[in-house]
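This report describes selected local features of one protein model. Please keep the sequence and the structure in view while reading.

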Amino acid sequence: MKLNKAFALRVREVLKERNMTQYKLGQLTGLYHSTMTDILNCKYQTPNFKNMALIIRELGMSMEEFFNSELFDFEKLEID
């Protein structure tokens with residue numbers, strides 16, 4: 001699985017757990033709705049670190065918590 005896909009799946013997973021919408025997350029981060037949609041639909045090969053950090057922060061998680069997921073298993077993750 002590619003990194004952008006793993007990131008998008010993890011964000012969607014956390015949104016579901018927290019009963020939060022993509023729209024609400026976009027408002028909290030200050031990212032344009034189109035940017036948030038593009039990130040979660042894997043339109044970017046690699047989302048930039050600033051946007052990733054904003055999203056993770058507004059999900060109320062530390063980097064360690066967010067990336068502590070089987071989705072980010074380096075043995076299965078494609079990092080090109």
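Cys42 is partly exposed, with a relative accessible area of 26%; buried means under 20% relative accessible area, exposed over 50%, and partly exposed in between (1.4 Å probe, protein chains only). Cys42 is placed in the loop between H3 and helix H4 (49–58). Helices here are DSSP runs (H or I, at least four residues), numbered from the N terminus. The phi of Cys42 is near 60 degrees, a positive value in a residue other than glycine. Most residues other than glycine have a negative phi.

Asn19 also has a positive phi, near 55 degrees, and is not glycine. Asn19 belongs to the loop between H1 and H2, and its relative accessibility of 75% makes it exposed.

## Basis of the model

The model is predicted: local features need pLDDT of at least 70, side-chain atom pairs count only at pLDDT 80 or more, and totals for chains, interfaces and linings use all residues. Residues are numbered from 1 along each chain as its sequence is written, and side-chain values use heavy atoms, with hydrogens and water left out.

## Packing of H2 and H3

Helix H2 (residues 22–29) packs against helix H3 (residues 33–40) at an angle of about 120 degrees, and their axes are 9 Å apart. Axes are lines fitted to C-alpha atoms, for helices over the stretch in contact, and angles run from 0 to 180 degrees between N-to-C directions. H2 and H3 are therefore oblique to each other; angles under 35 degrees count as roughly parallel, over 145 as roughly antiparallel, 65 to 115 as roughly perpendicular and the rest as oblique.

Contact means heavy atoms within 4.5 Å. On the H2 side it involves Gln22, Tyr23, Leu25, Gly26 and Thr29, and on the H3 side His33, Met36, Thr37 and Leu40. Beyond its neighbours within four places in sequence, Thr35 is in contact with Tyr44 and Asn51.

## Aromatic pairs

The structure holds 4 aromatic pairs. Rings of Phe, Tyr and Trp (its six-membered ring) pair if their centres lie within 6.5 Å; planes under 30 degrees apart count as stacked, over 60 as edge-to-face and the rest as tilted. Phe7 and Phe66 form a tilted pair, 5.2 Å centre to centre with 50 degrees between the planes. Phe7 lies in helix H1 (residues 3–17) and Phe66 in helix H5 (residues 63–67), so this pair ties together parts 59 residues apart in sequence. Both Phe7 and Phe66 are buried.

Phe7, Phe66, Phe67 and Phe72 form one aromatic cluster.

Notes
Helix = DSSP H or I, 4+ residues; strand = E, 2+ residues; numbered from the N terminus.
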